[in-house]
Amino acid sequence: MTEQTATTTLTQGEHAFVEKVAQYYFENDGMPHDRGRVVGYMMICDPPEQTAADIEKALGVPRAAIDRIVDQLTPENDPVSVFERTGALDENYLIRLRENSWGPKVRGIFSEFPDFHQIAANGLAALRKENASDERLTRLANMERFLGFVSAEMPAILERYERRKAEGTS
């Protein structure tokens, strides 16, 4: 593997992109801004493989924070992780965004929905049997209906995406 170094200064456009990604994840997932910055940076960095020191220089985030963030982004034995790491956290490891990783990640997340849908459906049936209040039933029924819909529709959406990707269309 050849030694590569990152550009240490982000352009205005790169900086704006990284900040928008960080803000998006903060607003939608409660993800700390620095973690969102690392995600955004790894989406656009050149070269695509970055050392911990490269990320630290480019983003101005302390090394200890980078290590913690990278550890969260590269969970061991996660076959659908979006990022991969080469090396231990106490080294100048490399991190990389896996090519075509978003589809499998989304598929992995949504693969759990049918199980949760079944839990919600069973809970709804049990609460109805116990004559729970309409308010409680409505909350659970709304969730159960949503999970059922997503469980039924998501496989077809992901199949269409894979077909379009294979065809080279978007």
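This report walks through a predicted model, from its overall layout down to a few individual residues.

## Ground rules

Numbering starts at 1 along each chain as its sequence is written, and side-chain values use heavy atoms, with hydrogens and water left out. Since we're looking at a predicted model, local features need pLDDT of at least 70 and side-chain atom pairs count only at pLDDT 80 or more, while totals for chains, interfaces and linings use all residues.

## Overall layout

Let's start with the fold elements. The protein has seven helices and three strands, and from the N terminus they come in the order α-α-β-α-α-β-β-α-α-α. The radius of gyration is 21 Å, well over the 15 Å that the globule rule gives for 170 residues, so the protein is more spread out than a compact globule. (Helices are DSSP runs of H or I with at least four residues, strands are E runs of at least two, and both are numbered from the N terminus; the radius of gyration is taken over C-alpha atoms, and the globule rule is 2.2 Å times the number of residues to the power 0.38.) Along the principal axes, the C-alpha trace spans about 65 × 40 × 35 Å.

Of the 170 residues, 34% are buried, where buried means under 20% relative accessible area, exposed means over 50%, and partly exposed is in between (1.4 Å probe, protein chains only). Take the contacts (heavy atoms within 4.5 Å) between residues at least 6 apart in sequence: 50% of them join residues at least 24 apart.

## Surface and charge

The protein exposes about 10,900 Å², with carbon and sulfur atoms supplying 52% of that area. These areas come from the Shrake-Rupley method with a 1.4 Å probe, and for residues only the protein chains shown count as cover.

As for charge, there are 20 positive and 28 negative ones, and their mean positions sit 6 Å apart. Lys and Arg count as positive and Asp and Glu as negative, with His and the chain ends not counted; each charge is placed at NZ of Lys, CZ of Arg, CG of Asp or CD of Glu.

## Two nonpolar cores

A nonpolar core here is a set of buried Ala, Val, Leu, Ile, Met, Phe, Trp, Tyr and Cys residues joined through side-chain atoms within 4.5 Å. The largest one holds 25 residues, and those touching the most other members are Val38, Tyr41, Met42, Ile55, Leu59, Ile66 and Phe83. Two or more residues each come from helix H1 (12-29), helix H2 (33-44), helix H3 (52-59), helix H4 (63-73) and strand E3 (94-97). H4 is the top contributor, giving five residues.

Val38 shows how this works: setting aside residues up to four places away in sequence, Val38 touches Ile55, Leu59, Ile66, Ile69 and Leu73. There's also a second, separate core of 12 residues, which includes Leu137, Leu147, Met154 and Leu158.

## A closer look at H4

The buried residues of H4 are Ala65, Ile66, Asp67, Ile69, Val70 and Leu73. What do they pack against? Their partners are H2, H3, strand E2 (83-86) and E3.

Val70 is buried, with a relative accessible area of 0%. Beyond residues up to four places away in sequence, Val70 touches Arg85, Leu89, Tyr93 and Ile95. Asp67 is a charged residue by the counting used here, and yet Asp67 is buried, at 17% relative accessible area. Leaving aside neighbours within four places in sequence, Asp67 is in contact with Ala52, Leu89 and Tyr93.

Most residues other than glycine have a negative phi, and most peptide bonds are trans. Two spots here go the other way. The peptide bond from Asp46 to Pro47 is cis, with omega near 5°, and Pro47 is found in the loop between H2 and strand E1 (49-51).

Then there's Asn131, a residue other than glycine with a positive phi, near 55°. Asn131 lies in the loop between helix H6 (113-129) and helix H7 (134-167), and is exposed, with a relative accessible area of 68%.

## Distances across the model

Val70 and Pro155 are 85 residues apart along the chain and separated by 30 Å. Gln23, found in helix H1, is 138 residues from Tyr161 in sequence and 27 Å away in space. Pro114 of helix H6 and Arg164 are 50 residues apart in sequence and 25 Å apart in space.
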